Amino acid sequence: MQLFRRSLLSLHHAPPVFTTRKLLVTFVAAVNILKVSTASSQGNLYDKSCSRSLSSSCEEMSGPAEDSYVEGSSSVAFVTTPDEKLAKKLAQGLVERKLAACVNIIPQIQSIYMWEGKVNEDNEYLMMIKTRTSRVDELVKFVRENHSYSVAEVITLPIEKGNAPYLNWIAQTVPDKK
């Protein structure tokens, strides 16, 4: 059975109920992820996925790390995929093209949404992508061109605050748009 194609990029094509539900689900997921990140920065958890290469990079950074981050200069993007294979393909492409510093792939999320007048339910993978805000348009374009959905979900939120060495690492890893 063919998977339904959808996104928040094409709001003018999506019914309002779809947009509201999908935004709410994604927002709740983002808040929960940020809670885990906060616990991690307080020493309660260890972010294994992006911290391995980060430890040496952060030590090499100079200057007052706490004051150097400009609020909103980095963003987190959320993309859903129907399977792990596509999530990994997109993640590899984004990192190789320096459109993302790190991509977390969260397996087996349950998506319930309104699409073309009926309620649908799918298992999906959620990609949490860290990038520069200035590169979001390029990131969106890459996902749209390489995603199996005809209307891929790509939404972003600016990062206001966080662990300064990590945020500086994002800036070092993803070049600013020229």
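Q: Over how many bridges do β1 and strand β3 pair?
A: This is a predicted model. Strand β3 covers residues 118-132. β1 and β3 run in the antiparallel sense, and their pairing spans 8 bridges.

Q: Which residue in β3 is the bridge partner of phenylalanine 78?
A: β1 and β3 pair in the antiparallel sense. Within β3, phenylalanine 78 has as its bridge partner methionine 128.

Q: Over how many bridges do β1 and strand β4 pair?
A: Strand β4 covers residues 154-159. Here too the sense is antiparallel. The pairing of β1 with β4 spans 6 bridges.

Q: Why is strand β1 largely enclosed by the rest of the structure?
A: Buried means under 20% relative accessible area. β1 covers residues 74-81. The strand is largely enclosed because the buried residues number 8 of the 8.

Q: Which residues point the other way from Ser74, Val76, Phe78 and Thr80 in β1?
A: In a regular strand, side chains alternate between the two faces of the sheet. In β1, Ser74, Val76, Phe78 and Thr80 point one way, and all are buried. Pointing the other way, and also buried, are Ser75, Ala77, Val79 and Thr81.

Q: In what order do the elements of the protein run from the N terminus on?
A: The protein has 6 helices and 4 strands. From the N terminus on, the order is α-α-α-β-α-β-β-α-β-α.

Q: What percentage of the residues of the protein count as buried?
A: The protein has 178 residues. Buried means under 20% relative accessible area. The share that counts as buried is 43%.

Terms used
Residues numbered from 1 in each chain as written. Predicted model: local features only at pLDDT ≥ 70, side-chain atom pairs only at ≥ 80, totals over all residues. Heavy atoms only, no water. Helix = DSSP H or I, 4+ residues; strand = E, 2+ residues; numbered from the N terminus. Buried < 20%, exposed > 50% of the residue type's maximum accessible area, 1.4 Å probe, protein only. Pairing = 2+ DSSP bridges.
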